[in-house]
Amino acid sequence: MHISHPQMVADMAEHFHPLPVGQSIIGPQVDQCRVDGLPALPGVEHHWLDVPSGCGRVWLHVAEAGAGTPVLLLHGWPQHWWCWRRVIERLRNHYRLLAPDLRGFGWSQAPGTGYSATGFASDAVGLLDALGLTRAHVVGHDWGGFAAIL
């Protein structure tokens, strides 16, 4: 996996702006939720994939938006894909964004093992394999950041 690319970093910096005064970053409003309970974000499709991993198979939820060069967005603890909503809104017209819920978080399966940076990294590689991807940019923070560098 390719972890860093100067043009992608420049593109990301170009699309980020501070939040307007009074705009919340806490979570979705009630009218922004789907019938199945997932927060709604225009242009995002949701998938559940059976992912092979060095920690054992796991069902991962993935929020996907856009087309083009794939970018895997790995969240931190105790978050889920929704923490990337502002990134998705700004970059979905430039990249294929893949925001999985790490094992045990959000809408992904919570098996009894695999909760480590190497476990999350193994899940990420398995997810890319399940999607038929051989390369992707990887962006992460907190636990997702540890997994991204492995």
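Mentor: Two strands pair if DSSP finds at least two bridges between them. The model is predicted, so local features need pLDDT of at least 70 and side-chain atom pairs 80 or more, while totals for chains, interfaces and linings use all residues. Residues count from 1 along each chain as its sequence is written, and side-chain values use heavy atoms, leaving out hydrogens and water.

Trainee: Which residue of β2 is the bridge partner of W48?
Mentor: H61 is the bridge partner of W48.

Trainee: What makes β1 and β2 a pair?
Mentor: They share seven bridges, in the antiparallel sense; the definition asks for at least two, so they count as paired.

Trainee: Where do they sit in the sheet?
Mentor: The open, mixed sheet runs β1-β2-β4-β3-β5. β1 (45–51) and β5 (137–140) each have a single partner strand, so they are called edges: one side of each lacks a neighbour in the sheet.

Trainee: How do you know that α3 packs on the sheet?
Mentor: Helix α3 (residues 117–130) touches β1, β2, β3 and β4, where contact means heavy atoms within 4.5 Å.

Trainee: Why is the lining of the largest cavity called mainly nonpolar?
Mentor: Six of its residues are nonpolar, none polar and two charged. Ala, Val, Leu, Ile, Met, Phe, Trp, Tyr, Cys and Pro count as nonpolar, Asp, Glu, Lys and Arg as charged, and the others, Gly among them, as polar. The lining includes L60, F120 and D123; lining residues have an atom within 4 Å of a point on a 1 Å grid over the protein atoms alone, where a 1.4 Å probe fits but cannot get out.

Note on methods. Helices (H or I, at least four residues) and strands (E, at least two) are DSSP runs, numbered from the N terminus. Axes are lines fitted to C-alpha atoms, for helices over the stretch in contact, and angles run from 0 to 180 degrees between N-to-C directions. On a 1 Å grid over the protein atoms alone, a cavity is a set of points where a 1.4 Å probe fits but cannot get out, and a pocket is an open set with protein on both sides within 12 Å along at least five of seven lines; lining residues have an atom within 4 Å of a point.
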